[in-house]
Amino acid sequence: TVIQALLKQSVGFENHIQLILVNDGSSDKTGEICDEYAAKYPENIIVLHQDHQGVAAARNAGIEVAGGELFYFLDSDDKIPTTTLLRVKEFACAHNDVDVIAIPGQFYGALKDAFPVNAKCAKKDVVIDLLKAPTTLQTICATTFIRREVLGTLRFGTLPIAFEEANLIQRILLK
């Protein structure tokens, strides 16, 4: 699961990761599972339970209680290699002027990279100036880390539209 993948991150879960789990009105045992993880890692995991409002509202609720410098949004079908957060942390520390960090992404169960934006991450550890390369937009939350200061008061739109995450990320990049 995504939670297990975060627990195994080489950066060290207990020292470097705050995990916000939002149970968006699930009718299965998701809420109980989230609460069990929070009981096991009370310093790192916060669980929010809300009536079903959709993914955008769930992400916005998580933003409101998060305390980290970098925001990263994962869904249950997103895959994250164990070295990802360490590499992103090192890159973020070395590039304080970078507001958005993009990585390649993959779905669980996929045989190969499934995210269309992966081609934009073909070169490793490259800083892209959007004024010079404006078509290099990153639009998927599962492959995008956002600094708290650039996110500011921007939030996901909760209207029932497709690609609400692309809308937020593009507003951030325009900012």
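Colleague: Before we start, what counts as a nonpolar core here?

Modeller: A nonpolar core is a set of buried Ala, Val, Leu, Ile, Met, Phe, Trp, Tyr and Cys residues joined through side-chain atoms within 4.5 Å. Keep in mind that this is a predicted model.

Colleague: Got it. Which residues of the largest core touch the most other members?

Modeller: That core has 26 residues, and the ones touching the most other members are Phe13, Leu19, Leu21, Ile45, Leu85, Ile101 and Phe145. At least two residues each come from α1 (2–7), β1, α3, β2 and α5 (84–94). The largest share is that of α1, with 5 residues.

Colleague: And what lies apart from it?

Modeller: Another core, of 16 residues, which includes Cys141, Phe156, Leu168 and Ile172.

Colleague: Back to Phe13, then. What does Phe13 touch?

Modeller: Leaving out residues up to four places away in sequence, Phe13 touches Leu6, Leu7, Leu19, Tyr41, Asn44 and Ile45.

Colleague: Tyr41 is an aromatic partner, I guess. How many aromatic pairs are there?

Modeller: The count is 3 aromatic pairs. For Phe13 and Tyr41, the ring centres are 5.3 Å apart and the planes stand at 80°, so the pair is edge-to-face, given that planes over 60 degrees apart count that way.

Colleague: Which parts of the chain does that pair tie together?

Modeller: Phe13 is in helix α2 (residues 13–16) and Tyr41 is in the loop between α3 (30–40) and β2, so the pair links parts 28 residues apart in sequence. Both Phe13 and Tyr41 are buried.

Colleague: Nice. How are Phe73 and Phe156 arranged?

Modeller: Phe73 and Phe156 are edge-to-face as well, at 5.1 Å centre to centre with 90° between the planes. Phe73 belongs to the loop between β3 and β4 (78–79) and Phe156 to the loop between α6 and α7, so this pair ties together parts 83 residues apart in sequence. Phe73 and Phe156 are both buried.

Colleague: What sits over the ring of Phe156?

Modeller: The charged end of Arg59, 5.4 Å from the ring centre.

Colleague: Arg59 takes us to α4. Which of the α4 residues are buried?

Modeller: Helix α4 (residues 55–65) is mostly covered, with 8 of its 11 residues buried. They are Ala56, Ala57, Ala58, Arg59, Asn60, Ala61, Gly62 and Ile63.

Note on methods:
Residues numbered from 1 in each chain as written. Predicted model: local features only at pLDDT ≥ 70, side-chain atom pairs only at ≥ 80, totals over all residues. Heavy atoms only, no water. Buried < 20%, exposed > 50% of the residue type's maximum accessible area, 1.4 Å probe, protein only. Helix = DSSP H or I, 4+ residues; strand = E, 2+ residues; numbered from the N terminus. Phe/Tyr/Trp six-rings, centres within 6.5 Å; stacked < 30°, edge-to-face > 60°. Lys NZ or Arg CZ within 6 Å of the ring centre and 35° of its normal. Contact = heavy atoms within 4.5 Å.
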